[in-house]
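Reader: I'm new to this one. Could you walk me through it?

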Amino acid sequence: MISVEAIDNNSFKVSVTKDSSTKHIVLLSDRFHQDVTNNKLTKTELITHSFEFLLKKESNQSILKKFNLEVISQYFPEYIDEIKKIIL
């Protein structure tokens, strides 16, 4: 289960319960949100889909505890294309 809670407009607390429970702080700028989703997803939806993507690649224990959402594509180049498929 993935739970996303806004801390402020650009910061979110994400809780993931899979084999174990983990907590993460995710930063998401308005610019990156707009570039990736064209505002067709809320920031919370984008973060949720991003964690679903990550959980297909690695365990929740392996996900960074604090990160900017933009860095996912540095580790997984297909990330943005996969998110854009959800929007279509």
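This is a predicted model: local features need pLDDT of at least 70, side-chain atom pairs count only at pLDDT 80 or more; totals for chains, interfaces and linings use all residues.

Reader: Is the pair of F51 and F67 stacked, edge-to-face or tilted?

Author: The ring centres of F51 and F67 are 6.0 Å apart, and their planes meet at 40°. Planes under 30 degrees apart count as stacked and those over 60 as edge-to-face.

Reader: How many residues apart are F51 and F67?

Author: F51 sits in helix α2, while F67 belongs to strand β4 (residues 66–68). The pair links distant parts of the chain, and the separation is 16 residues.

Reader: Is F51 buried or exposed?

Author: Buried means under 20% relative accessible area. F51 has 0% relative accessibility, so F51 counts as buried.

Reader: Which residues form one aromatic cluster?

Author: Start with F53 and F76, which make an edge-to-face pair with centres 5.8 Å apart and 80° between the planes. F53 is in helix α2 and F76 is in the loop between α3 (72–75) and α4. Both are buried. The cluster is formed by F53, F76 and Y79.

Reader: Are α2 and α4 parallel, antiparallel, perpendicular or oblique to each other?

Author: Helix α2 (residues 43–57) and helix α4 (residues 79–87) pack with axes 11 Å apart, at an angle of about 125°. Roughly perpendicular ends at 115 degrees and roughly antiparallel begins over 145. The angle lies between those limits, so α2 is oblique to α4.

Reader: Which residues of α4 make the contact with α2?

Author: On the α2 side, the contact uses L46, H49, S50 and F53. On the α4 side, the residues are Y79, E82, I83 and I86.

Note on methods:
Residues are numbered from 1 along each chain as its sequence is written. Side-chain values use heavy atoms; hydrogens and water are left out. Axes are lines fitted to C-alpha atoms, for helices over the stretch in contact, and angles run from 0 to 180 degrees between N-to-C directions. Helices (H or I, at least four residues) and strands (E, at least two) are DSSP runs, numbered from the N terminus. Angles under 35 degrees count as roughly parallel, over 145 as roughly antiparallel, 65 to 115 as roughly perpendicular and the rest as oblique. Contact means heavy atoms within 4.5 Å. Rings of Phe, Tyr and Trp (its six-membered ring) pair if their centres lie within 6.5 Å; planes under 30 degrees apart count as stacked, over 60 as edge-to-face and the rest as tilted. Buried means under 20% relative accessible area, exposed over 50%, partly exposed in between (1.4 Å probe, protein chains only).
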